[in-house]
Amino acid sequence: MIGNVLVAGLLLLAPIDPGGTSGTGYQKGREAGVILRDSQIIVSGNGAGGTSDGYRVKRPCWYEPGMNADDMLKTQRESKPSWIPATDWNRHLESLKQFEAEAGKEGRWWTQAYNEADPASTACLLAMEPYVFVPPGATPPGGITLAELADIARAALTVPKPKVQLNPDAKSYVNLGTWVWLDNGGETTRSVTATLPGVMSATVVATQKNIEIDPGTDDKNRAVVVTTDCGQTGKPYFKGATEDDLECGVRYLRASVDLPRDVYELTVTSAWDVAVQDNVVPFAYDPIEASATRDVPVGEVQSTVRRGTP
């Protein structure tokens with residue numbers, strides 16, 4: 001169980017933890033994630049747990065279906081921890097009337113859950129009733145929807161930061177092709193599933209689409225980008241490759257000695273398409289972009305011409 005919270009003398013019982021991992025993330029400036037509290041939602045998948053790209057869950061709090069009428073009444077009657085003063089417990093007993101009024105009825109109590117990563121969550125919770133009793137097959141205003149479940153999965157979705165590989169690696173030379181590719185360990189798909197056990201589930205999938213190469217200069221007299229066939233992650237250099245084999249990379253046409261720090265700052269951006277699996281909700285997400293930069297010193301091959309001896 002995540003924990004109980006005492007508010008205004010009422011014991012707010014958190015929903016029973018169904019097991020598994022809860023979503024994690026953060027929210028700072030444009031960076032955002034999801035930290036589920038008092039929630040039964042399970043977040044899982046190989047795309048969870050990394051660095052967020054800044055996507056924010058649209059609503060900071062919501063209701064989730066909880067116990068039936070009789071189980072909730074029994075739980076509330078038996079839930080007094082030893083540390084609660086008798087005066088607070090008496091107020092709690094008074095609050096039991098709302099649960100007693102629904103005893104024996106079909107339906108469930110819906111309880112509060114929230115995204116702790118959102119600074120607006122506290123104000124959102126204060127505007128909600130702690131509990132709402134709902135008949136079978138109905139959803140209360142503010143109840144979690146399938147679209148919002150997909151939104152939680154999207155907020156928890158991350159993609160790996162590109163690991164840029166170059167050949168030549170340490171230093172390149174004027175007019176020599178520099179091969180560019182990403183080392184993702186073969187991973188080109190990431191997914192996150194948000195599940196409300198026994199109720200509904202939504203999966204969001206990110207698929208790596210392509211890479212873009214910025215050589216570190218806009219001057220076409222200094223560099224030419226080659227993107228004949230970069231594919232999802234670029235084309236690794238292979239033994240015996242020639243200049244004619246270069247399909248993804250850059251040719252620097254001038255040395256970097258006159259640049260700040262004597263290097264070109266090459267940036268590779270990886271684009272990932274994002275979609276909700278099986279189109280369970282009728283909308284699409286914007287692509288995720290992740291970038292990384294490498295310093296590329298570029299020199300010139302010096303040649304010496306000597307006169308032959310007569």
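Reader: Where does Pro168 lie?
Author: Pro168 is placed in the loop between strand E8 (164-167) and strand E9 (172-173), strands being DSSP runs of E, at least two residues, and helices runs of H or I, at least four, numbered from the N terminus. This is a predicted model, in which local features need pLDDT of at least 70, side-chain atom pairs count only at pLDDT 80 or more, and totals for chains, interfaces and linings use all residues. Residues are numbered from 1 along each chain as its sequence is written, and side-chain values use heavy atoms, with hydrogens and water left out.

Reader: What is the peptide bond from Asn167 to Pro168?
Author: That bond is cis, with omega near 5°. Most peptide bonds are trans.

Reader: Why is Asp262 called partly exposed?
Author: Asp262 has a relative accessible area of 42%. Buried means under 20%, exposed over 50%, and partly exposed in between (1.4 Å probe, protein chains only); therefore Asp262 is partly exposed. Asp262 is in the loop between strand E14 (249-252) and E15, and has a positive phi of about 65° although it is not a glycine.

Reader: What makes Asn279 exposed?
Author: The relative accessible area of Asn279 is 65%, and the term requires over 50%; Asn279 is therefore exposed. Asn279 belongs to the loop between E15 and E16, with a positive phi of about 50°.

Reader: With which residues is Ile152 in contact, leaving aside its neighbours within four places in sequence?
Author: They are Val34, Leu36, Ile41, Val43, Val57, Trp62, Ile144 and Ala194, where contact means heavy atoms within 4.5 Å.
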